[in-house]
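Subject: Structure handover

Hello,

Here is the structure you will be working with. Please open it first, then read the notes below it.

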Amino acid sequence: MTTTAAYQVSHLDALEAESIFVLREVVAEMERPVLLFSGGKDSIVMLWLAQKAFAPANIPFPVLHVDTGHNFPEVLAYRDQRVAELGLQLVVASVPEALASGLVRESADGMRNRIQTPVLLAAVEQHRFDALFGGARRDEEKARAKERVFSFRDEFGQWDPKNQRPELWSLYNGRHQPGESIRAFPLSNWTELDVWHYIARERIEAPSIYYAHEREVIERDGMLYAVNEFIRPRAGEERFKARVRYRTVGDASCTAAVRSDADTVAKVIAEVAATRITERGATRGDDRVSEAAMEDRKREGYF
Amino acid sequence: MTTETTAEVGAEAASARPMDLLRFATAGSVDDGKSTLIGRLLYDTRSLFTDQLAAVEAVSAARGDEYTNLALLTDGLRAEREQGITIDVAYRYFATPRRKFIIADTPGHIQYTRNMVTGASTADLALILVDARKGLVEQSRRHAFLCSLLRVPHLVLCVNKMDLVDWSREVYERIADEFTAFAAKLDVPDLTVVPVSALHGDNIVSRSEKMPWYEGPSLLHHLERVHIASDRNLVDVRFPVQYVIRPQSTTVTDYRGYAGQVASGVLKPDDEVMVLPSGFTSRIAAVETADGPVPEAFPPMSVTVRLTDEIDISRGDMICRPNNAPAVAQDIEAMVCWMDETRPLQLGGRYVIKHTTRSARAIVRGLHYRLDINSLHRDESAGELRLNEIGRVRFRTMVPLLVDEYRRNRTTGGFVVIDETTNRTVGAGMIVEAG
Ligand SMILES: Nc1nc2c(ncn2[C@@H]2O[C@H](COP(=O)(O)OP(=O)(O)OP(=O)(O)O)[C@@H](O)[C@H]2O)c(=O)[nH]1
Ligand SMILES: [Mg+2]
C-alpha cells in the first residue's frame, strides 16, 4: 500500500464531499424536497453543489424563492438566469401577494423579515414540500451554530432548540409525520471564507453586487444603505456616493453594504480574511433587534 | 488584540493552500469550563469578530459579571444564557496557519448527554475537562467512557481551573494519574494531559509561565500537530450506495452510476468488486465526480462508481471487495447508549435501525448487561436501559445489514435506533459482533 500521506483531501474538498452527501441523503429519503434559492452567495454555492451531486442527471428538485418584494434587480436577474440555465422549476412565494390577499400584514417598522415566515410556510404547505434545503451556515450566527444538519420542524414549521434530535455520525433522521418537515443544511460546516474560496476555485459567477461598485448611499445606524425605492433618506440623512459591496444579500430594505474596493474574487477573499466584523453584524438591520432575534425567528419557522 | 497580528493570521488563513481539517469536541462535567475554554481558544487565536466580542461583553456587563464571560460565545440560546449552562452542541470554526478546526462545544449536564454524544460522534479528538478543585466526578468518567465507546481516536485531558489550586503540580498529577488509571480500563488509543486555566488562558494557546514544572506543549500546539491521517481505514473497501444516478435525458443515454461517500478503503477503476447483499461481482468501470473521472477514491470523497456489468443495485447496497467484505447479518450485538427520556429500551421492543444508507425494522432480542459508568461493573440482571444508560444489546433485524465491528469501522459499525411511533432518534449503537 502507498503511504497514507497520499490519501489526503483539502478542507474544501472535505466540505464539498460532506455537502454532496447531505444533498443526496435528502433526495434519497424525502418525498418532495425543494431548495431555497435567493441568489445570495450561500444559495448559489448550494445550487452548484446540487448540480455536482446529481451529475450527469439534472437537479431532481425545484427551487423556491421567498420574494419579499424588496429585491436587488441584479440578484433577481441572476436568479432567473441560473434557473433558465439549469432548466429548473422555480416556485416563488411572494410576500407582496400575501399582503394583497391578507395572509400577512405589513409590520410597523416596514421590515419584511418576520412576515416572510408565514409566506414561506404557506408555500411549503401548498406544494407539500417535506424537505427544504437552506444555505444557512453555523458560523453565521449563534442560534444557527446550534442547529442540526437535518433540523426537524413541527406542523407549524417551528424549531424547538431545546429538544433537537440527536444526530450521530452521518446518520440523518428525516422521519416525520405528514405536515411536519425537515430543513436540511448542506453548508452547515462552511465559513464565509470557505464559501469565497470555493467560489474562486470553481469559478462560480456571483451577482455583481457582491463586488465593489459605486453606489449612492446613506448612513443609518452606522451602516451604509443604498438609496433605492425601499430606502429613502430621512431628515438629516445625507446621500453620498461610496464604493461599496454587499457581504450578504437579503431583503433590500434591511441589508446594508460595506465600504470596499474588492472588485475581484481574490480581493474579496483577502477582504473577508482580514475583516473583524461578522457578515450579519456588518450588514443586517434585522439581526440588531435583540440578542435573540435569530433564535426567535427560527422558532417561528424562519430558515 | 493588536491589529498587526490579526492581519497576519488573516492573511495566512486566506492562502488557498490546502489545509487539513481537525474536528474536535469538548467533554466533561457541568461547569468544568468547556465553553470558557473554547471562548478562550477563539479569543487568543484572534478568531473572534469585534461585534461578537462586543455583544458578549455587553451581555456580561449587563448581568454584573466581574469579567467577560467567554462561555457566552458558544452558549447562544436564550435558555442557555438564562440557566448559565450549555444545553446543546455549538459548532464553531477557526483556522491557524497549520490547520482548520471544527469545534463541537458540548453540554456537561447529564440531562443532555445525547447532545454530547452527537458532538463527539464525528470528532477526531475530544478534550475532556476536569475542574482541578473537584477532580474526576461521575460525569467526567461517563464522558471519558462515551469517548472511548465512540472511539474518538485522540483524547486530551485538560485539568482546568489550575488558578484556583495555586497552580499546584501535586493536584495536577493526582488527577492525571487517576484519569490515566481509569483510561487504562477503557479503549483509549492516545491520551495527552495538559494543565490549563481556561479563564486566564494558561497553556491554551501558549505555554504558561505559572506552571514551569509542566514541560509539555500548549493545548493549541497539540491540536495543530496531532497526527490524524492514519486514523482512517484505507484497507477495507466499503462503499454504501446512497443513490442511483440514471439521467432521463436525450443527450446522456444508458448511464447508470452509483453515488455515495467512500466509508473506507480505496476504489480504483478495474478493481474487482462485490456487491452486497446480492453477492454479485463485477469490475469498476470508472470512478467519477462532476468534474470528470478520478484515478481513485478514498474517504471522505463523494463520488459516483460505474461498473462494467449491468447488475441490480439500489440504495442500501454496499460495494466491497470479494475477499474483504462486511458481514451480512440479521443478528447484531452492539453497545447501545439510550437517549430517550420517555420510554426505556426493553426486551421485545420494536424499532427501526438506521445503518449506513439502509434502514431495517428490528426487535430487541437480548439485553446482556447494563454498565455502571463508575465501576465499569456489568449488571446482568438489568431488564431495561433508561435515558443515558449504556448496555450490550442483541437486535434481530428484518432484513440483513452489511456490518463491520465498530472498532474497525466507524461508518459501517455504527447505527442509530429510531422509535417508529415518535420518529425520534432514541439510541446509538456500536456493533461489537455480527452473526
Ligand atoms: N477560576 C476559573 N474559573 C473558570 C475557569 N474555567 C471556567 N471557569 C468558570 O467556571 C464556570 C463554568 O464555565 P463554563 O465554561 O460555562 O462551563 P462548561 O463546562 O461549559 O459548563 P456546561 O457546558 O454547562 O457543562 C464559569 O463561571 C467560568 O467562568 C478557570 O480556568 N478558572
Ligand atoms: Mg458549556
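**An aromatic pair in chain B**

At 0% relative accessibility, B:Phe395 counts as buried (buried means under 20% relative accessible area, exposed over 50%, partly exposed in between, with a 1.4 Å probe and protein chains only). B:Phe415 is likewise buried, and its relative accessible area is 0%.

Before going on, some conventions. This is a predicted model, in which local features need pLDDT of at least 70 and side-chain atom pairs count only at pLDDT 80 or more, while totals for chains, interfaces and linings use all residues. Residues are numbered from 1 along each chain as its sequence is written, chains are lettered from A and ligands numbered from 1 in the order in which they are written, and side-chain values use heavy atoms, with hydrogens and water left out.

Over all chains, a search of the whole structure finds 17 aromatic pairs. Rings of Phe, Tyr and Trp (its six-membered ring) pair if their centres lie within 6.5 Å; planes under 30 degrees apart count as stacked, over 60 as edge-to-face and the rest as tilted. The ring centres of B:Phe395 and B:Phe415 are 5.7 Å apart and the ring planes stand at 85°, so this pair is edge-to-face. B:Phe395 belongs to strand β21 (residues 390-403) of chain B and B:Phe415 to strand β22 (residues 414-418) of chain B, so the pair ties together parts that are 20 residues apart in sequence. Helices (H or I, at least four residues) and strands (E, at least two) are DSSP runs, numbered from the N terminus.

**Other rings**

One aromatic cluster is formed by A:Phe54, A:Phe61, A:Phe133 and B:Tyr243. There are also charges over rings (NZ of Lys or CZ of Arg within 6 Å of the ring centre and within 35 degrees of the ring normal). A:Arg276 has its charged end over the ring of B:Phe49, 5.5 Å from the centre of that ring. The charged end of A:Lys298 sits over the ring of A:Trp159, at 5.6 Å from its centre.

**The magnesium ion**

B:Ser35 (OG) and B:Thr86 (OG1) coordinate the magnesium ion (ligand 2) at 2.0 Å. B:Ser35 is in helix α2 (residues 34-44) of chain B, and B:Thr86 is in the loop between α4 (78-83) and β2 (90-95) of chain B, so the pair ties together parts that are 51 residues apart in sequence. B:Ser35 and B:Thr86 are both buried. Donors are N, O and S atoms within 2.8 Å of the metal (3.2 Å for Na, K and Ca); water is not among the atoms, so sites may look incomplete.

**Helices**

Helix α3 (residues 73-86) of chain A has 14 residues, which at 1.5 Å a residue should span 20 Å; its end C-alpha atoms are 20 Å apart, which agrees. The expected span is 1.5 Å times one less than the number of residues. Buried in α3(A) are A:Val75, A:Tyr78, A:Arg79, A:Arg82, A:Val83 and A:Leu86. They cover an arc of only 130° around the axis, which puts them on the same side of α3(A); the arc is that of the directions from the helix axis to the C-beta atoms. A:Pro73 and A:Ala84, on the other side of α3(A), are exposed. The buried residues of α3(A) pack against α2 (41-54), β2 (63-67) and β3 (90-94) of chain A, where contact means heavy atoms within 4.5 Å. Just after α3(A), A:Gly87 has a positive phi of about 60°.

α2(A) is mostly covered, with twelve of its 14 residues buried. Among them are A:Lys41, A:Ile44 and A:Phe54.

In chain B, nine of the nine residues of helix α5 (residues 113-121) are buried, so the helix is largely enclosed by the rest of the structure. Its buried residues pack against β1 (20-28), β2, β3 (99-105), α6 (138-149) and β15 (327-338) of chain B.

A:Leu15 lies in helix α1 (residues 11-29) of chain A and is buried, with a relative accessible area of 1%. A:Leu15 and A:Asn189 are 174 residues apart in sequence but 7.2 Å apart in space, C-alpha to C-alpha. Neighbours within four places in sequence aside, A:Leu15 contacts A:Asn189, A:Trp190 and A:Asp194.

A:Gln116 is in helix α5 (residues 116-127) of chain A and is buried, with a relative accessible area of 7%. Not counting residues up to four places away in sequence, A:Gln116 touches A:Val66, A:Thr68, A:Val95, A:Tyr302 and A:Phe303.

Regards
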